[in-house]
Amino acid sequence: MMKIDLVTIFQGILDGPFKESMIKRAIDQGFVEINLVDLRDYTHDQHRQVDDYPYGGGHGMVLKPEPLFEAIEDLKSRSGADQSRVILLTPQGRPFNQKRARELAEQEHLILICGRYEGVDERVRSTLVDEEISIGDFVLTGGELAAAAVVDAVVRLLPGFLAEEALADESFTELLLEYPHYTRPSEYRGMEVPSVLLSGNHGEIARWRRRQSLKRTLERRPDLLEEDDLLPEDKEYLEEIKKQQS
Ligand code: ADE
């Protein structure tokens with residue numbers, strides 16, 4: 001079973017996300033254990049101080065090294081895992097994506113540190129942390145919501161948790177954006193569901209979906225279209241669209 005420890009000073013932010021829906025089910029069914037760890041439990045002073053002023057001046061506060069070092073060392077030794085991966089959530093990190101989520105889903109023990117304030121003492125980053133992750137080019141008030149997003153993306157990939165077919169279908173198309181989905185009614189306020197989806201012809205439906213994915217990706221995220229991942233008929237179709245547009 002995978003174990004995930006989330007180190008935070010605001011446990012309340014992380015109380016909700018793991019108590020609903022799929023992640024709750026993953027916990028209940030024993031695919032993952034998720035623990036919220038209060039960084040203040042690793043302080044030794046009366047005020048349970050986790051931050052301090054930056055050397056050299058400047059505004060904002062910095063997370064102190066001692067509580068983080070002690071927390072990580074304690075969590076590692078208590079985990080029983082052969083290997084633990086320590087991740088700091090920060091806008092300075094490597095951009096998170098589906099490939100990274102797949103890699104993390106293979107780990108035995110993850111320790112996610114939710115950064116706060118102006119940042120964490122550099123000695124934590126350089127010696128304790130294995131990798132830094134950003135969930136996008138924007139700045140949150142802290143790493144908690146980023147950590148929740150990473151946990152959510154990783155847990156749904158844990159071996160055996162989701163139906164194999166769902167994931168296989170997804171891995172085939174994960175480098176492209178999703179095709180449009182429709183459900184009943186077949187006509188709503190004059191808007192009709194594309195007739196191919198009602199045809200029962202599975203070959204035609206698959207072809208339509210693939211083309212819709214390609215078209216959507218070309219329009220919205222052309223950066224995702226890697227030559228190597230495309231089939232010859234994909235390339236032909238993209239050329240066709242490009243010609244029509246020019
Ligand atoms: N902490 C603050 N902003 C963040 C982001 N974009 N990704 C990860 N952690 C963060």
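This passage describes the fold of a predicted model, from its overall dimensions down to single residues.

Residues are numbered from 1 along each chain as its sequence is written, and side-chain values use heavy atoms, with hydrogens and water left out. Local features need pLDDT of at least 70 and side-chain atom pairs count only at pLDDT 80 or more, whereas totals for chains, interfaces and linings use all residues.

The protein has nine helices and ten strands. These elements are DSSP runs numbered from the N terminus: helices are H or I with at least four residues, strands are E with at least two. The radius of gyration, taken over C-alpha atoms, is 23 Å. That is well over the 18 Å that the globule rule gives for 246 residues, so the protein is more spread out than a compact globule. The rule itself is 2.2 Å times the number of residues to the power 0.38. Along the principal axes, the C-alpha atoms fill a box of roughly 70 × 45 × 40 Å.

The domain assignment, automatic or from a database, gives domain 1 (2-163) and domain 2 (169-245). Their centres, taken over C-alpha atoms, are separated by 37 Å. Of the 246 residues, 40% count as buried. Buried means under 20% relative accessible area, exposed over 50%, and partly exposed in between, with a 1.4 Å probe and protein chains only. Contact means heavy atoms within 4.5 Å. Among contacts between residues at least 6 apart in sequence, 74% join residues at least 24 apart.

Strand β1 (residues 2-8) is largely enclosed by the rest of the structure, because seven of its seven residues are buried. Both faces are covered. Met2, Ile4, Leu6 and Thr8 lie on one side, and Lys3, Asp5 and Val7 on the other. In a regular strand the side chains alternate between the two faces of the sheet. Strands count as paired if DSSP finds at least two bridges between them. β1 pairs in the parallel sense with β2 (residues 32-38) over seven bridges. Five bridges join β1 to β6 (residues 109-114), again in parallel. Leu6 has a bridge partner in each of these strands: Leu36 in β2 and Leu112 in β6.

A separate description applies to an open sheet of three strands, with the order β3-β4-β7 and mixed pairing. Its edge strands are β3 (51-52) and β7 (119-120), each pairing on one side only. β4 (residues 62-63) and β7 pair in the parallel sense over two bridges. Here Leu63 stands opposite Val120 in β7.

Helix α9 comprises the 14 residues 232-245. At 1.5 Å a residue, α9 should span 20 Å, and its end C-alpha atoms are 20 Å apart, which agrees. The expected span is 1.5 Å times one less than the number of residues. The buried residues of α9 are Asp234, Tyr237, Leu238 and Ile241. They cover an arc of only 100° around the axis, which puts them on the same side of α9. This arc is that of the directions from the helix axis to the C-beta atoms. What covers these buried residues includes α8 (202-220). The face turned away carries the exposed residues Pro232, Glu233, Glu236 and Lys243.

Pro17 lies in the loop between α1 (11-15) and α2 (21-28). Pro17 is partly exposed, with a relative accessible area of 34%. Leaving aside neighbours within four places in sequence, Pro17 is in contact with Ile23 and Ala148. Glu73 is 56 residues from Pro17 along the chain, and their C-alpha atoms are separated by 26 Å.
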